[in-house]
Each structure stands twice: as C-alpha cells, then as structure tokens.
Amino acid sequence: MVNRTKLNWSHVTPKPLWLNRRALIAGIGATALASPALAKIAAKPSQFSTDVEPNTLEEITNYNNFYEFGWDKTDPAANAGQLTTDPWSVTVDGLVDRPGTYDLADIMKDRPLEERIYRFRCVEAWAMVIPWIGFELSGLLNRFGVQPSAKYVAIQTLLRPEEMPGQRAGGINWPYVEGLRLDEAMNPLTIMATGLYGENLPKQNGAPLRLVVPWKYGFKSIKSIVKISLVAEQPPTTWQQLQPSEYGFYANVNPEVNHPRWSQATERKIGGGFFASRQETLKFNGYGDEVAGMYAGMDLAKNY
Amino acid sequence: MARLDAWLKRVPNWAVWLAGFIPLAWLIWLVVTNDLGVDPVKEIEHRLGKIALWFLVGGLVITPLRSFVGLNLIRYRRAIGLLAFIYVVLHLMAWAVFDMGLLMSQAINDLFRRPYLIFGISAFILLIPLAITSNKASIRKLGANWRRLHWLVYPAVLLGVVHYLWQMKVIRTEGWIWLVVALLLLATRIKWPGSSARSAPKKGPSKRQQAINAANKT
Ligand code: HEM
C-alpha cells in the first residue's frame, strides 16, 4: 500500500502501533497514512539512528524525570500542560562573537532537522529508545561564533515557578543547570531536540528545545532551555551540586563504573514486560565508536 | 471513646485480615487491567513497599492509642504485624523477580553494596523471627523472652523508614513526615525518668506483658 522512500520512524515501529497512533493523533483515514510527509515536521533520516524499535509515544510521554513539574514520573505529563512555550527565547552569552537573546524561530532558522532514533539511558538504570527530531548543537554554536578561549558550554532551564510547580517546592536549587565540554557539545551525536515522533516536542519532554546527549545519563540532557553560555571553566551542574559523590560532570553511561545507588551493569528496558526486561548496559550507551576517542587517556572511574 | 472501643471489640480478627488484603487485591486488579502506567514493575515494587510501611507504622500506633486515647486494638496487632511482614516479602519478591529479573548474582551483589538495600534487607531480617513467633504457641513458649524478642520491631521500622528515605534521590516532604511520625511513635516507648504511669517497674507485669496476656486470650 505504501511507497515509502524516506527512512523514518514508521520503519521501526510495528505498523499496527504506528497506524493506531497516527489515526489517534490526526484522526485521519488509513490511505492518508501512506506518505511520510504526513509527519508534521519534515526531518531527514540519520545515519546515527539505531534500528532498535523505539518505545511508544505513550511510554515516552508518561515516564519523565522533569522535577520542575513534580517528583513522580507521571507528574510532568499531568502538570506540564500549563507551561507557556510560545513566545520562547534563548539567551546566548559568554565567550561568543554574537551574544544576544534570540527568539526560538531565530534559533531554529536554517537548522537542518533530522530524525535521530537514539537509545536513552537514565542513571536510575532504565532505558528507552526515542525517535527525536532535532539539529546538531555544533551548527547552532558555530552560528554564534565560539571564541577560542571557550572550553565548556553551560546550559540552563527555564525558571518560572508560576508554571513549574516543582520549582515552588524545595529540594533542588533552581534553575536546573547542565554543561558539556566543548568537544562533547560539538560532537555530531549531540543534538538540540525540538520534536519527537514527527510532532513538536511534548511539554513533558522538555519543549520547546532540549539537549540530547545519547551516550550520557539522561540528566545531562537538559530540558526547556533558555540560556546557553560559552565558558572557560567547567560549569556547575545541578546533580553534581546536589550529590557530588553520586553524580559527576561527565556522567557517561558506563557499566563498569559503579554508582552508589544503582549498579549500572544492567538496565531495565521500559516496555519490556514483567520478566527478563533487564539487558546489559552498553558502554557509552552503545555510542563508543563515535565518542570514546574524546575520553582517551582519561580515568573514567574518577571522571564519572 | 468507650462506645467506639466496645464497638471495635466486636470486629472479628478475620475482618482485619480481609481488610489487610484489600490493597493487594487492588494492586492485582490494576495489574490485570493494565492500569499501572508505562512501568508496572517499578509501580508494583513501590506500592508494595508503601503498603508495608503503612502496616508497620500502623502496628506501632496501637499501644499509644490505648495508653493515650483509651482505644484498645491490641487483639488486632498480631494480624497487622503479620500483614506488614507479608507485604515486605511481596515487596522483596517484586524486586528480585520483576525488577532484577532474577539476575541473582547482581541482585545479591547490589544487596550488600547499596546502602538503601542494606537498610531494607536488615529490616526484613529483623522481622523474620517476629513473624515466625507471632502465634499463640510461641508466645506461651517464649514467655518474657517473647516480649524481648518483639522489641526488635522498633529498629526494624526505623530501618524500613531509613531505607525508604535513602532510596529517594532527593528527600521529599512526604519522606520527612514518615520519619517524624515513626520517631514520635518510637518516642512514646521511651521510659522517661520520673514518668511512672506507662511503664511499670520490673516487678509487676508490665503493660507489654499485659498486652501479651491479652493477646493470649484472643
Ligand atoms: C521493612 C522493610 C521495608 C520497607 C518498609 C520498605 C519500604 C519501601 C518503600 C516505602 C519504598 C518506596 C516506595 C515509593 O517510593 O512509593 C521502597 C522502595 C524500594 N525498596 Fe523497600 N522496603 C523494605 C524492604 C526492602 C527490601 C528487603 C528490599 C530488597 C532487598 C527492598 C527494595 C526496594 C527497592 C528496590 C525499592 C525501589 C528503589 C527505587 O525505585 O529506586 N525494600 N521500599
């Protein structure tokens, strides 16, 4: 029935699921489903996509650690609806030639959107596969003119307690901040995601703009970004500040580096059923070929 | 209060047991109807842990209820304690079977390396002899030692609560509330110097001994 030319997520989701979801979301007939162009966001397939079957949209949007909206994994789905994502602007500052506050449309202008089907691994030892849509962070940073003295990128989430109930509760020093070494930020695997499953990013997943660093634990992939700073020194990061013995700056997925709370040797696949849903953790979450070189000579047990 | 007390006296023990299994039945219902969200494994594990905590702490409420409020529920205490133990066992099994997927070497390794699991398993180990001796024959056989043995419920509950707090990445208000409640309940057991009312001196039968006697009669 179909003449699919582009490789997109419809190729990796079992068709019945896919048809269901499309019909649900768009409320349209089966014939119209044929064209990949139907996805609201046109995104090119990527060589970096895994061919592992992604989790369902339901799973991806109802199991989120986004403490700005509450402690439980279902809280973001329940509470993120109130977040205003339009208008949205991102401040770029620090060691760049063209600092400023840019409108989201400006940020996204000319960014080539790709679909990146990535493995996603939480430090809590669960894993998903997510069909993100986004663009490489390197292209965006280059637009601002990164100065040679810049060694790190510091990124910040929106601080808006009126719309983010978790920020009204204590426990974490808001706003959430994260960071990457410049070479990590420039790695082609590192993307800014603006959508998933062919649609705009759901709010509970970090709309309208979030980082995705697939070889690191999920907490590095900061959501709802409002600020990007190029800096010379390693920036503070939220979890490292909270519990430095448990969460490091690098946070590379690594089965050999033990975490005080969770053995990282195995991970539980969300959607894997009741029995035997554990699988081996892959070093760098399976992205070693692309990223291991950046850490050559580093003691990864020390730089966890 | 006396009327409530009299009314409660008529509640048979089996009714307490039946009520105690309602949370389990509800959980099974949610599993069967696929209503536990996208990660039923964690949800089952967490719910069982929370139910266990309710029963454990609930068991500690009984003595102060009698001494401060005048409500005597001592005859249901054994059922409540055993229910708590059953839920801890189910919680542990959910962890071993569903969460760890029976990867026993990793599970056992984890058990001794993760502080929160050390607290949890210690609580469980302390509860084992209590569960085994929660019957009339043991009470009779152990005599005063039964009371000494069952003192272990205090450290067990405390370890359970610490386990619960420790498994949180950031301790939330709810966690602190559980800790404060548990500590307050434990504080009611302390024999404050000068307060003679609640804990009789060694010679006469203590309140607890009376409680055991009461337990014997049911
Ligand atoms: C007296 C004994 C115990 C009590 C009262 C207890 C209670 C709890 C509670 C209340 C939770 C959190 C539930 C929630 O967040 O809603 C929990 C989590 C947990 N407990 Fe226990 N527990 C006990 C013993 C154990 C034992 C013996 C084990 C395994 C050996 C265990 C393994 C776990 C695990 C794996 C979690 C989840 C941690 C996570 O999701 O990161 N617990 N427990």
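Tutor: Let's start with a term: a salt bridge is a side-chain nitrogen of Lys or Arg within 4 Å of a carboxyl oxygen of Asp or Glu. One network of them links Arg268(A), Arg278(A), Asp39(B), Lys42(B), Glu45(B) and Asp99(B). This is a predicted model, where local features need pLDDT of at least 70, side-chain atom pairs count only at pLDDT 80 or more, and totals for chains, interfaces and linings use all residues. Residues are numbered from 1 along each chain as its sequence is written, chains are lettered from A and ligands numbered from 1 in the order in which they are written, and side-chain values use heavy atoms, with hydrogens and water left out.

Student: How many salt bridges over all chains?

Tutor: The count comes to 23.

Student: Which residue forms a salt bridge with Glu136(A)?

Tutor: Arg116(A), with the closest N and O atoms 2.6 Å apart. Glu136(A) lies in strand β4 and Arg116(A) in strand β3 of chain A, so the pair ties together parts that are 20 residues apart in sequence. Strands here are DSSP runs of E, at least two residues, numbered from the N terminus.

Student: Is Arg116(A) buried or exposed?

Tutor: Buried, at 1% relative accessibility. Buried means under 20% relative accessible area, exposed over 50%, and partly exposed in between, using a 1.4 Å probe and protein chains only. Glu136(A) is partly exposed, at 25%.

Note on methods:
Helix = DSSP H or I, 4+ residues; strand = E, 2+ residues; numbered from the N terminus.
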